[in-house]
Amino acid sequence: MIPQTEATTEEREPTDAESLLAVENLSKSFGTQLLWRNVSFTLNEGESLSICGASGSGKSTLLLAIGGLEMVQSGTVIFNGRPVVGGRQAFIEGIGYVFQHYHLIEELTVRENLLLPFSIRFGGRQMPDILDEVLDLLGLKELLDRLPTTLSGGEQQRAALARAVLAKPKLLLADEPTGSLDEATGTRVMELLLRVCQRFCMSLILVTHSAMFAAQTDRRMLLKDGFLREQTA
Ligand SMILES: Nc1ncnc2c1ncn2[C@@H]1O[C@H](COP(=O)(O)OP(=O)(O)OP(=O)(O)O)[C@@H](O)[C@H]1O
Ligand SMILES: [Mg+2]
């Protein structure tokens, strides 16, 4: 793979005083396949943004690149005034992730999975103050002692969402977080997601195939033919 674009960890002033995130001219290829080019946008604190696009258009790869988990050929991502250069640093500084394929840790129980990112971010034995509410809303209380491999796809997805939300990131990157859920559960989970983001002033980038869910975010973008464009209608 072509090496990641040059980036430094030195402190920088935010380019825009209000922007939590600034994505600047990001381009990505796999081999000779150009996936997207010159992707640029900013996101303010507490703002929600959805990204739609056909399967294979590069939405998941873009989300991974924003979170510092995927190398890019050129461009930078500035989060909280600093370049994002690696997944762990981005997580500690407040970027949370709901992966399309969950990525729960198989050896840990649901409870341990849920609490791990929170304890890494905040340390000690402290419990997240929204634990009970999130467990109730996502229907996870009965599943806490189970291992992820014994859960259905939808149950794993709800656990992955709870895990990300409980760590109270400043920016949540959610890749089709309701993709494995039935319509009613998906709607409830989306309501919860938007409510939690609002309550804790989390910014959200939501990748979704659902026009209905996209309509609930503050801004909408479409990834098509290698370009990311804001939808004004
Ligand atoms: N590591 C990789 N190596 C080579 N090609 C890859 C790699 N990861 C993704 N791709 C390709 O890049 C393209 C975009 O993949 P990506 O997963 O970002 O699409 P997507 O928009 O999230 O699709 P979906 O809606 O199906 O989840 C696809 O053609 C995929 O095959
Ligand atoms: Mg995807």
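Asparagine 38 is partly exposed, at 47% relative accessibility; buried here means under 20% relative accessible area, exposed over 50%, and partly exposed in between, with a 1.4 Å probe and protein chains only. The model is predicted: local features need pLDDT of at least 70, side-chain atom pairs count only at pLDDT 80 or more, and totals for chains, interfaces and linings use all residues. Residues are numbered from 1 along each chain as its sequence is written, chains are lettered from A and ligands numbered from 1 in the order in which they are written, and side-chain values use heavy atoms, with hydrogens and water left out.

Asparagine 38 belongs to strand S2 (residues 33-44). Helices (H or I, at least four residues) and strands (E, at least two) are DSSP runs, numbered from the N terminus. Asparagine 38 is not a glycine, yet has a positive phi of about 50°. Histidine 103, also not a glycine, has a positive phi of about 55°. This histidine sits in the loop between S6 and H3. With a relative accessible area of 49%, histidine 103 is partly exposed.

Serine 29 is part of strand S1 (residues 19-30). At 16% relative accessibility, serine 29 counts as buried. Leaving aside residues up to four places away in sequence, serine 29 touches Leu34, Leu35 and Gln73; contact means heavy atoms within 4.5 Å. Methionine 71 is 42 residues from serine 29 along the chain, and their C-alpha atoms are 9.7 Å apart.

Strands of a sheet pair through backbone hydrogen bonds, either parallel or antiparallel.

S3 runs parallel to strand S8 (residues 203-207), and four bridges join the two. Serine 50 has leucine 206 as its bridge partner in S8. S3 also runs parallel to strand S9 (residues 219-224), with five bridges between them. Here the bridge partner of cysteine 52 is leucine 222.

S9 and S10 pair over five bridges in the antiparallel sense. Leucine 223 has leucine 228 as its bridge partner in S10. The hairpin of S9 and S10 has two residues between the strands. In this hairpin, aspartate 225 takes a positive phi near 50°.

Ligand 1 is surrounded by 14 residues. The closest are Ser55, Gly56, Lys59, Ser60 and Thr61; a residue is near a molecule or strand if one of its heavy atoms lies within 4 Å of it. Polar contacts are pairs of N or O atoms within 3.5 Å; within protein, one must be able to donate a hydrogen and the other to accept it, and residues adjacent in sequence count only if both atoms are side-chain atoms. A backbone N or O atom of serine 57 is 3.3 Å from an oxygen atom of ligand 1. For glycine 58, a polar backbone atom lies 3.0 Å from an oxygen atom of the ligand. Glutamine 100 instead places a polar side-chain atom 3.0 Å from an oxygen atom of ligand 1.

The magnesium ion (ligand 2) has Ser60 (OG) and Gln100 (OE1) as its protein donors, 2.0 to 2.3 Å away. Serine 60 lies in helix H1 (residues 59-66) and glutamine 100 in the loop between strand S6 (95-98) and helix H3 (110-122), so the pair ties together parts that are 40 residues apart in sequence. Donors are N, O and S atoms within 2.8 Å of the metal (3.2 Å for Na, K and Ca); water is not among the atoms, so sites may look incomplete. Serine 60 is partly exposed at 22% relative accessibility. Glutamine 100 is partly exposed too, with a relative accessible area of 28%.

Terms used: Pairing = 2+ DSSP bridges.
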